[in-house]
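Visitor: Please take me through one part of this model, slowly and closely. Then show me some other parts.

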Amino acid sequence: MAEGKRFNVAIIGGGFAGMTLALALSNEGIPCTIYELRGPNYMRLPGGVALTGNGLSALDHIGALDCIKDKGFAFSELAYTNEADELVGRTSLAKPEFAYQPTRILRKVCIAEWRALLEEKGVPIRYFSRFGGVVSSPGGAVTFRINDEIHSASILVGADGIHSTLRSYVCPSASLEYLGLLGLPDRRIALVARQVVYAEQDRAGWKALAEDKDTLYTLLAKDYGSSNEILRSFLDAADVHRDALFIWPFYKAEAAEWVSRQTGRVVLIGDAAHALPPSSGQGVNMALEDSYTLGRILGLVARGGAGADVDLKAQLCRWEGYRRDRVDRVMKWVNFIESTTASSEQARETKYHFDERATQETLDEKSESFGWIFTPPFGEEFERWLKEEQ
Ligand SMILES: Cc1cc2nc3c(=O)[nH]c(=O)nc-3n(C[C@H](O)[C@H](O)[C@H](O)COP(=O)(O)OP(=O)(O)OC[C@H]3O[C@@H](n4cnc5c(N)ncnc54)[C@H](O)[C@@H]3O)c2cc1C
């Protein structure tokens, strides 16, 4: 990248990570294009998503919060009950000192609003564009395949989700790990789902299960007799609308490297870099943090005209280290939460690290200190970190 020259970014994937990165980059005056596999009307994941203070703060800094903030509904804690309907734990997600109130919102609302913002800012989304691999990385650029054509950009970002194609280019050793649990959400409702222990299937097996609505309902309703009244009413409604049931096998993925050490120009964000276990409720929120922070560091590089390739690579690796510290901490927290809330069957048969099984007292005590996850991490400390080692 020549000194002072502007660069452009190609983003693979138009999910939450890809869209918000594009908005963050356009704030920094960096041109970018999103290449999205699906068409504009495709909705892979219906239902809702929980945005916590940290993700909301990232959105606020990106300028993508105002358009959605009154379109969800606020909540403040997670409560865990057992089969006997007894409260066994709670995690507070909002406190008076938190600047943002967690919000549950429909995905389609966020997608529609952010696409409108992208259009306003003139960021193109190329639909029906399948990323097919990196072709080469001549000095100052990366060339890659989209459908049958070769494209080029100064930086290529993989925001292509948990089954990322780019992940194997950046980090060939990375793998997906099935956690032994299957989620059973209901398309019609943003909030209700249950998780059951289930053996891993291959792609065809998951597809067949997803289409077998009677089996899904049987799994969903397996504790009908011992369920409380609220759950029964949900199960009765799900029985009438079995077609609305879908599956969510719980996988996690961790790539040891998020920035290609070979080129220093290919970067992973969101689930492509670190698909957190679903029970964290942090997949989207961590993706939003990635987008904001990557946008800022690329803005810094662009403005500083960090000319030599080594500067860009060094800054991206610095960003990776900064983000990894936080994501690793969240991963440990998820293990702790799972160890305290899973049923004994789940504890025996799943791949969370249950060695830290905690008592109710330790859960109460530790939930007090969980604020660090939801507290917006983008204050003075982040600004100081950003300006270090320029
Ligand atoms: C049922 C369910 C509920 C969830 N609830 C929450 C929640 O409440 N809170 C939370 O924080 N997280 C939640 N998550 C996790 C969250 O959805 C993910 O962490 C988040 O979507 C990751 O965003 P992403 O942009 O990295 O990936 P994705 O949203 O998966 O987006 C990836 C995009 O890349 C595209 N793509 C893939 N391959 C290619 C290719 N080869 N070429 C071009 N494009 C490609 C895909 O079509 C997709 O649009 C939930 C997940 C599920 C399944």
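Guide: Three strands form an open sheet in the order β9-β10-β11, and their pairing is antiparallel. The model is predicted, so local features need pLDDT of at least 70 and side-chain atom pairs count only at pLDDT 80 or more, while totals for chains, interfaces and linings use all residues. Residue numbers start from 1 along each chain, as its sequence is written. Strands (E, at least two residues) and helices (H or I, at least four) are DSSP runs, numbered from the N terminus. Two strands pair if DSSP finds at least two bridges between them.

Now the pairs. β9 and β10 (residues 142-146) run antiparallel and are joined by four bridges. Ser136 has Thr143 in β10 as its bridge partner. Between β10 and β11 there are five bridges, again antiparallel. There, Arg145 stands opposite Ile150 of β11. The hairpin of β10 and β11 has two residues between the strands, and Asn147 takes a positive phi near 50° in it.

Next, another sheet. This open sheet has three strands, ordered β3-β7-β4, with antiparallel pairing. β3 and β4 (73-74) are its edges, with a single partner strand each, so one side of each lacks a neighbour in the sheet. Two bridges pair β4 with β7 (residues 103-106) in the antiparallel sense. Ala74 stands opposite Thr103 of β7. Helix α3 (residues 107-120) lies across β3 and β7, at about 75° to β7.

On to helix packing. Helix α1 (residues 16-27) and helix α9 (residues 283-304) have axes that come within 8 Å and cross at roughly 25°. That makes α1 roughly parallel to α9. The cut-offs are under 35 degrees for roughly parallel, over 145 for roughly antiparallel, 65 to 115 for roughly perpendicular, and oblique for the rest. The crossing of α1 and α9 is right-handed. In a right-handed crossing the near helix is turned clockwise from the far one by less than a right angle, and in a left-handed one anticlockwise. Residues in the contact include Phe16 and Leu25 of α1, and Val284 and Leu298 of α9. Contact means C-beta atoms, placed from the backbone, within 7 Å. The contact residues of α1 and α9 divide into 11 nonpolar, four polar and one charged. Nonpolar covers Ala, Val, Leu, Ile, Met, Phe, Trp, Tyr, Cys and Pro; charged covers Asp, Glu, Lys and Arg; the others, Gly among them, are polar.

α9 also packs with helix α2 (residues 53-62), at an angle of about 35° and with axes 8 Å apart. This crossing of α2 and α9 is left-handed. Among the residues that meet are Asn54 and Ile62 in α2, and Leu288 and Tyr292 in α9.

Last, the ligand. It is surrounded by 34 residues, the closest being Gly13, Gly15, Gly161, Gly270 and Gly283. α9 gives the largest share, four residues. The shell divides into 17 nonpolar, 12 polar and five charged residues.

How values were computed:
Axes fitted to C-alpha atoms, helices over the stretch in contact; angles between N-to-C directions. Contact = placed C-beta atoms within 7 Å. Near = placed C-beta within 6 Å.
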